Amino acid sequence: MLLAIDIGNTNLTFGLFRGKKILHKFRLTTSLPRTSDEFGVQIKEQLSHQNVSAQDIEDVIVGSVVPKIMYSLTSGIKKYLHCDPIIVGQGTKTGIKIATTNPMEVGADRIVDAVGAYFLYGGPVMVIDYGTATTYDLVTEDGSFVAGVTAPGIRISAKALWSNAAKLPEIEIVKPESIMAKTTITSMQAGLVYGTIGQTEYIIDKFREESGLADMKVVATGGLGRIISEGTEKIDVYDSELTLQGTRLIYERTKA
């Protein structure tokens with residue numbers, strides 16, 4: 001079995017694979033400090049709930065945008081799962097070409113999303129990840145990662161609202177029935193959700209216009225991606241497992 005780990009700014013997402021199928025997913029918060037032993041014990045506990053032992057894990061692959069936790073995490077994996085994790089980074093065989101001005105700036109999360117979208121859905125493809133930040137990345141038909149846009153994530157925007165305006169409450173992020181909001185809470189929800197839908201549609205249209213790729217597919221992922229994808233016809237596919245599947249694809253190419 002393969003354990004794929006996606007380390008984002010908000011959550012660590014773990015995917016347990018047998019072949020191409022995810023058998024089990026679980027998450028830990030990124031912000032909580034942990035020792036290598038805590039990481040190791042928590043991972044083993046989650047695996048044990050699925051009747052999986054450390055000996056069943058053949059390999060571990062990690063994509064991370066949070067360097068400060070990598071030492072503790074990798075040490076815990078080595079100590080408790082008895083294998084050296086593969087780290088997605090420079091020199092990793094991904095199957096796509098990073099054709100931006102400075103390829104070193106492109107985070108591992110965006111690379112694995114691009115790999116997942118390109119090899120699962122074909123190119124040209126735009127992949128949108130509604131995570132801590134909302135990212136829009138374009139991969140051409142020949143597998144070149146050519147451009148990307150980074151915007152504040154929906155939760156970041158929400159937190160900015162209630163943290164900086166004394167009378168605005170902390171709210172649940174859901175799509176209200178109508179943009180014609182009649183309460184403070186629904187007006188905030190409408191601004192966040194419909195505002196993001198509007199941003200999404202505009203950026204997709206501008207990418208198509210400036211790239212000339214009118215036929216590009218649009219694939220979305222990320223925690224709040226489903227809400228947005230259900231609100232627009234410009235997103236072709238919502239895939240909640242895209243990042244983990246992209247990590248798996250990189251692992252298979254690396255091992256081959």
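A residue counts as buried here if its relative accessible area is under 20%, as exposed if over 50%, and as partly exposed in between, with a 1.4 Å probe and protein chains only. Helices (H or I, at least four residues) and strands (E, at least two) are DSSP runs, numbered from the N terminus. The model is a predicted one, so local features need pLDDT of at least 70 and side-chain atom pairs count only at pLDDT 80 or more, while totals for chains, interfaces and linings use all residues. Residues are numbered from 1 along each chain as its sequence is written, and side-chain values use heavy atoms, with hydrogens and water left out.

What about the partners of β1? Two strands are taken to pair if DSSP finds at least two bridges between them. Strand β2 (residues 11-18) runs antiparallel to β1, and six bridges join them. A hairpin takes the chain from β1 to β2 through three residues, and aspartate 6 stands opposite threonine 13 in β2. Strand β4 (residues 59-64) is also joined to β1 by six bridges, but this pair runs parallel. Here isoleucine 7 has serine 64 of β4 as its bridge partner.

Now for the helices. Helix α3 (residues 108-121) packs against helix α7 (residues 242-255) at an angle of about 85 degrees, with their axes 7 Å apart. Axes are lines fitted to C-alpha atoms, for helices over the stretch in contact, and angles run from 0 to 180 degrees between N-to-C directions. Angles of 65 to 115 degrees count as roughly perpendicular, under 35 as roughly parallel, over 145 as roughly antiparallel and the rest as oblique. So α3 and α7 are roughly perpendicular to each other.

Contact means heavy atoms within 4.5 Å. On the α3 side, the residues that meet α7 include Ile111, Val112, Val115 and Phe119, and on the α7 side they include Leu242, Thr247, Leu249 and Arg253. The residues of this contact divide into ten nonpolar, five polar and two charged.

Ten of the 14 residues of α3 are buried, among them Arg110 and Asp113. Ten of the 14 residues of α7 are buried too, so α7 is largely enclosed by the rest of the structure. One of the residues of α7 is threonine 247, which counts as buried because its relative accessibility is 1%. Leaving aside residues up to four places away in sequence, threonine 247 touches Ala4, Ile61 and Val112.

Elsewhere, an open sheet of six strands has the order β6-β9-β8-β7-β10-β11, with mixed pairing. β6 (97-98) and β11 (237-238) stand at the edges with a single partner strand each, so one side of each is left without a neighbour in the sheet. Strand β10 (residues 217-221) runs parallel to β11, and two bridges join them. Valine 219 has valine 237 in β11 as its bridge partner.

How values were computed
Ala, Val, Leu, Ile, Met, Phe, Trp, Tyr, Cys and Pro count as nonpolar, Asp, Glu, Lys and Arg as charged, and the others, Gly among them, as polar.
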